[in-house]
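Hi everyone, thanks for coming. I'd like to walk you through a model, and please keep the structure open while I talk.

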Amino acid sequence: MSSFETDRQSFRHLLRARTLCLGLLILLLWLGEGSRSQSIAVEAGWNILLFAVVLSLVFMALGGIRRITGFLLPLVMIVDTLLAGVWISASGGPVSNYMPLFLLILVSALMILPPKRAVVVVAWVLVIAIVTLYLDFAWRLPMVFDAGDINPFSAILEKSSLEFRRAAYLHQGVRWVFFLVMITLLCFVLMRQVWSREEKLRAREKSLEQKRHFIQMGELTGRIAHGVNTPLGLISGNLELLMGETRKDSKTYKQLAQIDQYVQRAINTVRDVLDYSRQSLSEIKPVSVPHILQAAVQAIQPKLKEKEAKLIVDIDPNLPALLAYTEGLFQAHLNLLENALDSIDTGGLITLSAKFQYRQVRLSAADKRGEIKVMVRDTGRGIPSPDLKRIFEPFYSTKGFGKGTGLGLAIVKRVVDEHRGTITVESRMGEGSSFTILFPAEGISAERDHEKDALGYNADHLNGKDA
Amino acid sequence: MASAAKPRKRPAKNPRPKAASRARLLVVDDEIDFARMIQTSLAQSGYRVDIAQSATQAIALQRKKPYDLALVDLRMPEMTGLELLQYLKLRDKGIFVIMMTAYGSFSIGIEALKKGACDYLAKPFKLNSMKEKVAEALERRARYLEEQSLFPQRSTMDEW
């Protein structure tokens, strides 16, 4: 699979190089028009040589030699060279000289460029062709030439009147300048594409590397968590049994309660680490946000009762489906609710609201993309402003040593980032805090899916290595 | 009102059903110590609890006598919890199943609910919260049975 990918890549490089090279060839032929030999054979030879030299130069300039391997390079070189030579030589007139080359450029451009760009290049080439035709037929001083002149420039030289010469040189000069500018621009456009594409590729490789790292981390933590969670579950369960059998005022009960407290802390730590490392493993699918939020509300219910806190839920049931990581989304909202619950005192109030809104218009009124806005507000202690900047950092906890792992909000941030959303927090000491999440309604876009595909492939690869 | 097991409406700190309404429970977990622990805990609440160490054992037990509620571990050798869940439901429509999943498999929990489980517990869980869920599930089962006797043609389970 990867070799196929390389082949396709190198083929693209090849086509791009060929396009550039044809452009340069036309330029050179154009510049050299006046001194062309009349013999078809010699001319063909020159053209072929010229083409080969230009092709190699362009390849080297592009760094294509390094990438393009196998039979493709010589094959295309030979075919192109022969084609160009024969075409150029066989055609007689000044204009028809370039038409096949224009066509070759067009075809190459269409093959390597995305549709939008291809249209641009086609328009470009058409402009060049039309201006050239105009220069050659309309602007040229008609009386200079006889009908039989094959090469107008040499005809001018033969007639050698100063006035005519001047006109002809001016004409030639305008053609050169025009052509030079157009071809330079075209080259620039194509090269820019090469640069930006390579940049993108590099960025993607980097993010893939990160993902792979996360997958490995996820596997590792998953294994650890399973190994630790089973005994922890047994310990905590048996502790509960023991505590049920012990009198509540006895010393033993207090000791057991303390053990239980610490076991719970261990369980929480394992859980948070698991949450933080697992996100990238879950799958993307369209999910109903109200369902996820309801599930989070359900999950927090027991703790809510314990603290006698009130939770007001205001969720628009008609929210559009979001392309998202189900578990991540669930976990993020659960964490936010738990956080709110931790910050309020007994009898406090938490508000969870979710609604759809149109994104603030930036480009135009027609830009009607929406977003889903989730808010979690509490009437708790509030967050001091120095902490406010850092609460989303992993392992930054304000709850005091041992009480929180400092991963809760980091997980929220990660999930929101993964969904291309934004999270903001406002807080006033003593009055409470409010977290606002904005998810773009389209969720994770197609590009993300693409990455996911690549990731899936890599994950398989990794697994294969493991096995 | 309800004839079968009906614990108190609000399951308090230690829900304990009346002795007359002793529900039959089945705990399936390959970790035998864990299963025993759950058995002890539920037996303290007054339920009659059997344990099975594997899916085959669970199926054999169910053949001998029907159960009201089963707590099934998701990850087991030879047959996954989801498969066992489907099998149990196939043999006895009246059995309610609570899945026990490893922590972090929220989507698997949802999957289990779709396949007919009535609830799921993420391990490690508090025994008290497990008891609450068991009581709630039994209550729901009682309501379901009552509905079944009133409208036998309608199946509430299918709606899930």
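Let's begin at Glu308(A): with 10 C-beta neighbours inside 10 Å, it counts as exposed. Glu308(A) sits in the loop between helix 10 and strand 2 of chain A, and its phi is near 55 degrees, a positive value in a residue other than glycine.

A word on the source: this is a predicted model, where local features need pLDDT of at least 70, side-chain atom pairs count only at pLDDT 80 or more, and totals for chains, interfaces and linings use all residues. Residues are numbered from 1 along each chain as its sequence is written, while chains are lettered from A and ligands numbered from 1 in the order in which they are written.

You'll find Glu78(B) in the loop between strand 3 (69-73) and helix 3 of chain B. Helices (H or I, at least four residues) and strands (E, at least two) are DSSP runs, numbered from the N terminus.

Now back to chain A and its sheet. Which order do the strands take? Five strands form an open sheet, 2-4-5-7-6, with mixed pairing; to pair, two strands need at least two DSSP bridges between them. Strand 2 (310-315) and strand 6 (422-428) of chain A are at the edges with a single partner strand each, so one side of each has no neighbour in the sheet. Strand 6 runs antiparallel to strand 7 (residues 432-440) of chain A, and seven bridges join them. Within that pair, Glu426(A) stands opposite Ser434(A).

Finally, the two chains meet. Their contact takes 22 residues from chain A and 18 residues from chain B, where contact means C-beta atoms, placed from the backbone, within 7 Å. On the chain A side, helix 8 (162-245), helix 9 (251-278) and helix 11 each give two or more residues, and helix 8 of chain A gives the most, with 12 residues.

Pro124(B) lies in the loop between strand 5 (119-123) and helix 5 (127-150) of chain B. Thanks, everyone!

Technical notes: Two residues are in contact if their C-beta atoms, placed from the backbone, lie within 7 Å. A residue is buried if 20 or more other C-beta atoms lie within 10 Å of its own, exposed if 12 or fewer, and partly exposed in between; C-beta atoms are placed from the backbone.
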